Amino acid sequence: PPLHNTLSLHDALPISYGKTISYGEIAREVNSPKAVRAVGGAVGANPLSIIIPCHRVVGANGSITGYGGGYAAKRHLLALELGLAADELPFSRGVKE
């Protein structure tokens, strides 16, 4: 089946509170290591973004990437989970420093 149909399994992937996972790591978890863009599409189509924590999915280099609620909301959610202010996150303009 197409990856976007099987990625309801994304909610089964354990992304613990305060942790992140990359799109590539999810692709490898579903045995489709080259399907990074498909993972991005499936994560982006997530209608339950707080319940299925797509804000915890980041770029391969740890960068804060797209989020349906917007970049600022994603930063806020990650900061909240880490107990930091958004400006204290180890990211700048989406790139992990």
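Trainee: Where does Asn31 lie?

Mentor: This is a predicted model, in which local features need pLDDT of at least 70 and side-chain atom pairs count only at pLDDT 80 or more, whereas totals for chains, interfaces and linings use all residues. Residues are numbered from 1 along each chain as its sequence is written, and side-chain values use heavy atoms, with hydrogens and water left out. Helices (H or I, at least four residues) and strands (E, at least two) are DSSP runs numbered from the N terminus. With the elements named in that way, the place of Asn31 is the loop between H2 and H3.

Trainee: Is Asn31 buried or exposed?

Mentor: The words rest on relative accessible area, with buried meaning under 20%, exposed over 50% and partly exposed in between, for a 1.4 Å probe and protein chains only. Because the relative accessibility of Asn31 is 70%, this residue counts as exposed.

Trainee: What value is the phi of Asn31 near?

Mentor: Most residues other than glycine have a negative phi. Asn31 is a residue other than glycine with a positive phi, and the value is near 60°.

Trainee: What pattern does the chain follow, read along the sequence?

Mentor: The secondary structure of the chain comes to four helices and four strands. Taken in sequence order, with α and β as the symbols, the pattern is α-β-α-α-β-α-β-β.

Trainee: Which residue forms a salt bridge with Arg56?

Mentor: A salt bridge is a side-chain nitrogen of Lys or Arg within 4 Å of a carboxyl oxygen of Asp or Glu, and by this rule the count comes to one. In that pair the closest N and O atoms are 2.9 Å apart, and the partner of Arg56 is Glu81.

Trainee: What is the length of the polar contact that joins the side chains of His55 and Glu81?

Mentor: His55 is in the loop between H3 and strand E2 (57–58), and this residue counts as buried because its relative accessibility is 3%. A polar contact is a pair of N or O atoms within 3.5 Å; within protein, one must be able to donate a hydrogen and the other to accept it, and residues adjacent in sequence count only if both atoms are side-chain atoms. Between the side chains of His55 and Glu81, the length is 2.6 Å.

Trainee: How far away from Lys74 is the nearest side chain of opposite charge?

Mentor: Lys74 is found in helix H4. For charge, Lys and Arg count as positive and Asp and Glu as negative, while His and the chain ends are not counted. Lys74 is buried yet has no salt bridge, and the distance to that nearest side chain, Glu81, is 11 Å.
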